[in-house]
Amino acid sequence: VATEEDLLRSQAFEHIDPDHANRTGILYIHGYTSTPHSMRPLAEALLHHTYYTSVPLLAGHGTNPIDMGHSTYQDWYQSVKTAYLRMAPACDNVIVIGQSLGALLTTMLAHEFPTIDSVIMLVPAFYPPAIINLTPILSPLLKALQIKTMYSVGGDVNKDDAYEVAYNRIHVNAPLELFRACRIARKKLPQLKQPIVVIGSENDHVLSTDGIDRAYSTITSINKQITWLQNTYHVASLDNDIDIIINLIKQQIDKLSTA
């Protein structure tokens, strides 16, 4: 059960350090059914390395599954785009970090705004579980049967004392919107030109390593790299290898600072 503190940390978060010499902004995008709670450990660890920190809440998330069923992938993307447009004018450089679904939305954003300086994808869900491919049939069928919600796979974390604040049930519309987001993002991924860091987990119970490798192989950016985490499940930002992720982000900050 989420505590009051958890609920506070599940809301959108924004921080500006006016005394920071490096005007780099980092936009953190949480995953499907999740909340900013999952990205706060990364954001807080790097708070003093960054001028502008933004962790938006995606539309339909952080309230109840019915709300998520009334939102589309375009609504999720608009949440990200709004946060970026608020951040960008105040920054010299912007890094966008997306986890799972957040990596798909990051891809869409980096495609629309090629001036984004760096892209980091945590366990990107370009190729989700195969059942998602059946949602164009399953979602209308479930609605016809008057089934509104279904079980959601969330909270795949290896670390003993960590947990994800996310929906444990989702509206039957939501998987179809994830399917649509995957199709759109896969088409845009090969067109990105920014430096791209992909971080996958070898022990992810949600995504296959083959799917992440497949997506990585389509990236045509000259500057790309992939790292595999060994002691982490799907929600990488909350798991045992978070220090590796933090160091990879710091490397991108340092590169922009010396550019």
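Q: Where does Ser 54 lie?
A: Ser 54 is in strand 3, residues 52-55. Helices (H or I, at least four residues) and strands (E, at least two) are DSSP runs, numbered from the N terminus. This is a predicted model, where local features need pLDDT of at least 70, side-chain atom pairs count only at pLDDT 80 or more, and totals for chains, interfaces and linings use all residues. Residues are numbered from 1 along each chain as its sequence is written, and side-chain values use heavy atoms, with hydrogens and water left out.

Q: Is Ser 54 buried or exposed?
A: Ser 54 has a relative accessible area of 4%, so it is buried. Buried means under 20% relative accessible area, exposed over 50%, and partly exposed in between (1.4 Å probe, protein chains only).

Q: What does Ser 54 touch?
A: Not counting residues up to four places away in sequence, Ser 54 touches Phe 13, Glu 14, Ile 26, Leu 27, Tyr 28, Ala 83 and Met 87. Contact means heavy atoms within 4.5 Å.

Q: Ok, and Leu 46, where is that found?
A: Leu 46 is in the loop between helix 2 (40-45) and strand 3. Its relative accessibility is 0%, so Leu 46 counts as buried.

Q: What is Leu 46 in contact with?
A: Leaving aside neighbours within four places in sequence, Leu 46 contacts Tyr 28, Ile 246, Ile 249, Lys 250 and Ile 253.

Q: At what angle do helix 4 and helix 7 pack?
A: Helix 4 (residues 73-87) and helix 7 (residues 174-188) pack at about 65°, with their axes 9 Å apart. Axes are lines fitted to C-alpha atoms, for helices over the stretch in contact, and angles run from 0 to 180 degrees between N-to-C directions.

Q: Which residues of helix 4 make that contact?
A: Tyr 73, Gln 74 and Trp 76 of helix 4 make it, and the helix 7 side includes Leu 178 and Ile 184.
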